[in-house]
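This report walks through a model of several chains, from single chains to their contacts. Look at the sequence and the structure first.

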Amino acid sequence: MLRQSWQIFLKDVRMELRGKEALNASLAFALVVLILFSFAIDPTSEQIREISGGLLWILFAFSGVLLVNRSFLREQSNDCLDVLLVNRVPASALMLGKTFANLLFILMIEAVCLPVFSVLYNINLFQLPLWLIGICLLASWAIAILGTVFAAMTVNLRLRELMLPVILYPMIIPALAAAMYLTNIVSVGKVPEGDDLIWVRLLVGFDVIFTTLALGLIDTILVD
Amino acid sequence: MFDKILLAVGLTSGLYLVRNLYTMLLVLPDEAAQGMIYRIMFFHIPSWWTCFLSFLVAGIASAVAIRSKSNRADSLAVAATEVGLAFTFVGLATGMIWAKIIWGIWWTWDARLTWAFITALTYAGYLMMRNMIPDPSERLRVTGVLNVFAFASVVICYKAIDWWRTQHPGAVMSFRTGGGNIDPAMEGMTYHNFIAFLLLCVVMVTLRLRQEETLREIEGLRRLAYSR
Amino acid sequence: MDQRNFTYMFYGFAAAWLILAIYVVSLVSRGRKLQDQLETLKRTLSQEKL
């Protein structure tokens, strides 16, 4: 099963890197929003330090949805999804491969946006690089796994671009809230400890619970 | 016959609510710190319990529905979700009115309130999704899974007062604290109103369930009409 | 204060009752509409058969 996931992953990444449609679009979107933030708040003030985590994760959630929206849409032409499933690719392998691909795309967006944000708003986000990477991995996984499952649910809807955010955002709020809080602490160079660790636990628990749920339920959505 | 029983249960719950109104207004004394406003709790707490219970029923029904492809369980899930959402709005409205007096504000973003809001949004999203999928079997699968996912927010909302320090009051009922935090008469009153709400909830779910079956019948007849 | 306390308690009770009453009314009216729809559909179908 892992081998099949790996192949799905490679296929998705290759397809996306060939055209780069979704990646370019959501990167451009992310950068535009980054600039818009400077109008919403005074970019030179100290205030930005307190809300940088919030701004960044709103941004990543938005551009993440643009990315995951594509992942099942890609299979719609020529009924690729049915062909894959008929050829006994397990739905869970399919979803796992796509989730990893989406995770990679979201991380790519983050890899561009974090330095740009640091430079434009004069904050060094990378004072604790390992913590920041850890937070990004955990929270992006949360966006990717739930995003992929919900993208599978909404792919046949006429209003899928609208419905995906409507059902996805309320569900990922716990993960986003944790990521926002932790990014805020880490960006001022403070190691999360004591009471802050409840947010780390929340983030890890969220990932574990929803990954299990997703793996258990994806067959119902895609197969029968 | 069944209609009459339903009507009787509905009327019983209505009368029960009126009787409770009498007790809580004329028999029970004002609360020492809050004055008379505390009586809102007799509606606020039971409505949330009712809403949590209906979402629990909806979650279980959805799990059964996606497991055994049962249309009836699917109908029950929608019915319970929609009625639960109505009670969510009762809980939100009464809570806000209470907060306006006690805290001086209508709303605050603490964990409990935030998750109550998220829960309402999630289940509203579920009901929206249902209207968008025309194919019944696909609707059953997709929204069934969504409902199971959505129950996570109910759990978080229920446990929020234990996990975070919230502005929302912590647990007072004796089954959560072991007793001593609330006057037994007031606690009893809460249970009385809860039973009344529960009866009302059962009636509403049954009504809604029947509508869902009528809807299914209509869909079936429509398909029959098109196929000819 | 006491007066306001009382007014808001009244608002709270009214809100609870009102929301439930509105929901029940909408439930009943929707049920009636669905029943009508079903009847019409059945009638048209049986007429077509003849």
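## A buried alanine in chain B

A residue counts as buried if 20 or more other C-beta atoms lie within 10 Å of its own. The model here is predicted. B:Ala58 has 31 other C-beta atoms within 10 Å, so B:Ala58 is buried. B:Ala58 is found in helix α2 of chain B.

What does B:Ala58 touch, leaving out residues up to four places away in sequence? The partners are B:Ala77, B:Ala80, B:Thr81, B:Gly84 and B:Asn147. B:Ala58 and B:Ala86 are 28 residues apart in sequence, and their C-alpha atoms are 14 Å apart in space.

## Chain B overall

Chain B has 7 helices and 0 strands. Its elements follow the pattern α-α-α-α-α-α-α along the sequence. The C-alpha trace spans about 70 × 40 × 30 Å along its principal axes.

Of the 228 residues in chain B, 43% are buried. Take the contacts in chain B between residues at least 6 apart in sequence: 78% of them join residues at least 24 apart.

## Helix α1 of chain B

Helix α1 of chain B covers residues 2-27, 26 residues in total. From first C-alpha to last, α1(B) reaches 36 Å. That is close to the 38 Å expected at 1.5 Å a residue.

Which residues of α1(B) are buried? They are B:Ser13, B:Leu17, B:Asn20 and B:Met24. An α-helix has 3.6 residues a turn, so residues three or four places apart point the same way.

## Chain A overall

Chain A has 8 helices and 0 strands. From the N terminus on, the order is α-α-α-α-α-α-α-α. Its C-alpha atoms fill a box of roughly 55 × 35 × 30 Å along the principal axes. A compact globule of 224 residues would have a radius of gyration near 17 Å, and the 18 Å of chain A agrees with this.

Buried residues make up 42% of the 224 residues in chain A. Among contacts in chain A with a separation of 6 or more, residues 24 or more positions apart account for 85%.

## A kinked helix in chain A

With 28 residues, a straight helix would span 40 Å at 1.5 Å a residue, but α7(A) spans only 35 Å between its end C-alpha atoms. Where does α7(A) kink? The kink, about 55°, lies at A:Ile173, shortly before the proline A:Pro174. Just after α7(A), A:Gly189 takes a positive phi of about 80°.

## The largest nonpolar core

The largest nonpolar core holds 138 residues. Seven names stand out for touching the most other members: A:Ala139, A:Ala142, A:Leu146, A:Ala152, A:Ile172, A:Leu176 and A:Ala179. The largest share of this core comes from chain B, where helix α3 (residues 71-102) gives 16 residues.

A:Ala142 shows its surroundings in more detail. Beyond its neighbours within four places in sequence, A:Ala142 is in contact with A:Ile172, A:Ala175, A:Phe206, A:Asp207 and A:Phe210.

## Contacts between chains

Between chains A and B, 15 residues of chain A meet 18 residues of chain B. On the chain A side, α7 (160-187) and α8 (197-222) are the elements that give two or more residues. The most come from α7(A), with 7 residues. This side of chain A has 13 nonpolar, 2 polar and no charged residues.

Between chains B and C, the contact takes 28 residues from chain B and 24 residues from chain C. On the chain B side, α2, α3 and α7 each give two or more residues. The largest share, 12 residues, comes from α7(B). By class, this side of chain B has 18 nonpolar, 5 polar and 5 charged residues.

Which chains share the most contacts? Of the 2 pairs of chains in contact, the answer is B and C.

Conventions. Residues numbered from 1 in each chain as written. Chains lettered and ligands numbered in written order. Predicted model: local features only at pLDDT ≥ 70, side-chain atom pairs only at ≥ 80, totals over all residues. Contact = placed C-beta atoms within 7 Å. Helix = DSSP H or I, 4+ residues; strand = E, 2+ residues; numbered from the N terminus. Nonpolar A, V, L, I, M, F, W, Y, C, P; charged D, E, K, R; others polar. Core = buried A, V, L, I, M, F, W, Y, C linked by C-beta atoms within 7 Å. Buried ≥ 20, exposed ≤ 12 C-beta atoms within 10 Å, placed from the backbone. Expected span 1.5 Å × (residues − 1). Rg over C-alpha atoms; globule rule 2.2 N^0.38 Å. Bend = angle between axes of the 7 residues up to and from the residue.
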